[in-house]
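Welcome! Here are some exercises to work through with the sequence and the 3D view side by side. Take each solution one step at a time.

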Amino acid sequence: MQDILIQATAETPEVKFLYSANTLSITGESYPENAMAFYAPLRAGLHDYLVQVSEQTPIEAHFSLKYFNSSSTKLLRSLISLLNDAARAGKHITAHWYHDPEDDMMMEFGHDLQDEFGMLHLNVTPFEVA
Amino acid sequence: MNLTSFSDFCAQAVKEGMLFYYTGEYSKNVIAAMSDTLRHRLDSTSLSAPARRKIFSTFVEMSQNIMHYVDPDQDGIKVGALAVGHNGDKYYVMCGNPVRVEYVERIKEKVEPLRSMTVEEIKSAYRAQLRNDEHEQQDDLSKGAGLGFLTVARDASEPIEYQIVYRSERQDFAEFYLRAAI
């Protein structure tokens with residue numbers, strides 16, 4: 001499988017999906033007008049990867065987003081949902097949701113994901129502010 | 001507009017704490033330019049990071065709403081208005097756009113309930129909508145996640161306000177105005 005590497009733009013985050021290293025990182029801001037167009041290929045790639053990866057392989061996912069619009073919100077949740085399904089199926093996944101330490105709403109959003117996706121090992125932590 | 005009207009207009013904008021105002025064609029490029037401008041202006045204030053995020057978020061939701069839902073006019077142009085400003089410490093974001101009269105009730109049904117909800121009720125409605133995987137099947141008019149107005153209401157610090165304005169020269173369209181204070 002080919003790694004997915006997408007550079008950040010003003011409206012879309014940096015994506016590093018390294019199959020070889022079993023890590024997925026999404027970093028930056030996400031507010032494209034058409035979030036589906038941005039996330040659909042990533043979601044498909046993640047789905048295919050999770051199907052074929054072995055249960056012994058440790059997988060790490062990092063979501064570090066300062067801001068995302070409403071349509072990105074639903075798609076980010078769908079990525080977490082895929083990870084949760086794979087964890088339920090026995091895959092060895094650790095996910096991290098990073099939020100602005102000052103922003104309670106973004107922290108709550110992470111906790112809501114924890115509540116909803118109980119099969120996934122999901123850490124909610126403040127990111128370092130430069 | 002003559003120069004006297006223009007200077008009155010400018011003075012009024014300053015008096016109302018307006019940071020910026022745009023009316024006219026909406027396109028991807030216009031939104032990108034406005035996003036940049038608003039970002040720079042917000043970064044030069046002493047507002048906290050969450051407050052800046054909320055103002056920017058409200059601007060994005062309103063702008064993308066215009067892009068998604070406004071019917072192009074006879075020249076294929078989507079028209080909308082948007083303003084950002086502040087009264088003292090409180091910021092406001094407002095938008096206005098034409099809507100087909102047959103959609104007015106639908107918009108009222110979505111916005112009106114948000115006005116009387118508590119913060120906790122808005123958060124719980126937001127959560128329920130986020131987890132609603134059937135939204136796309138149930139609502140074939142909605143192009144987003146059904147979270148747009150909820151996001152605006154969630155980021156606002158007081159109930160959002162709206163107005164529907166009917167003009168006699170256009171029978172099939174009304175104007176929808178929305179205001180959020182942050």
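**Exercise 1.** How are H5(B) and H7(B) oriented to each other: roughly parallel or roughly antiparallel?

*Solution.* Before starting, note that this is a predicted model, in which local features need pLDDT of at least 70, side-chain atom pairs count only at pLDDT 80 or more, and totals for chains, interfaces and linings use all residues. Residues are numbered from 1 along each chain as its sequence is written, while chains are lettered from A and ligands numbered from 1 in the order in which they are written.

Step 1: find helix H5 (residues 119-130) and helix H7 (residues 148-155) of chain B; helices are DSSP runs of H or I with at least four residues, numbered from the N terminus.

Step 2: their axes come within 10 Å and cross at roughly 150°. Axes are lines fitted to C-alpha atoms, for helices over the stretch in contact, with angles from 0 to 180 degrees between N-to-C directions.

Step 3: H5(B) and H7(B) are therefore roughly antiparallel, the word for angles over 145 degrees.

**Exercise 2.** Which residues make the contact of H5(B) and H7(B)?

*Solution.* Step 1: H5(B) brings Ile122(B), Lys123(B), Ala125(B), Tyr126(B) and Gln129(B); contact means C-beta atoms, placed from the backbone, within 7 Å.

Step 2: H7(B) brings Leu150(B), Ala153(B) and Arg154(B).

**Exercise 3.** Is Glu128(A) buried or exposed?

*Solution.* Step 1: look in the segment after strand S6 (121-126) of chain A; a strand is a DSSP run of E with at least two residues.

Step 2: Glu128(A) has 8 other C-beta atoms within 10 Å, so Glu128(A) is exposed (12 or fewer; buried takes 20 or more).

Definitions and conventions: Parallel < 35°, antiparallel > 145°, perpendicular 65-115°, else oblique. Contact = placed C-beta atoms within 7 Å.
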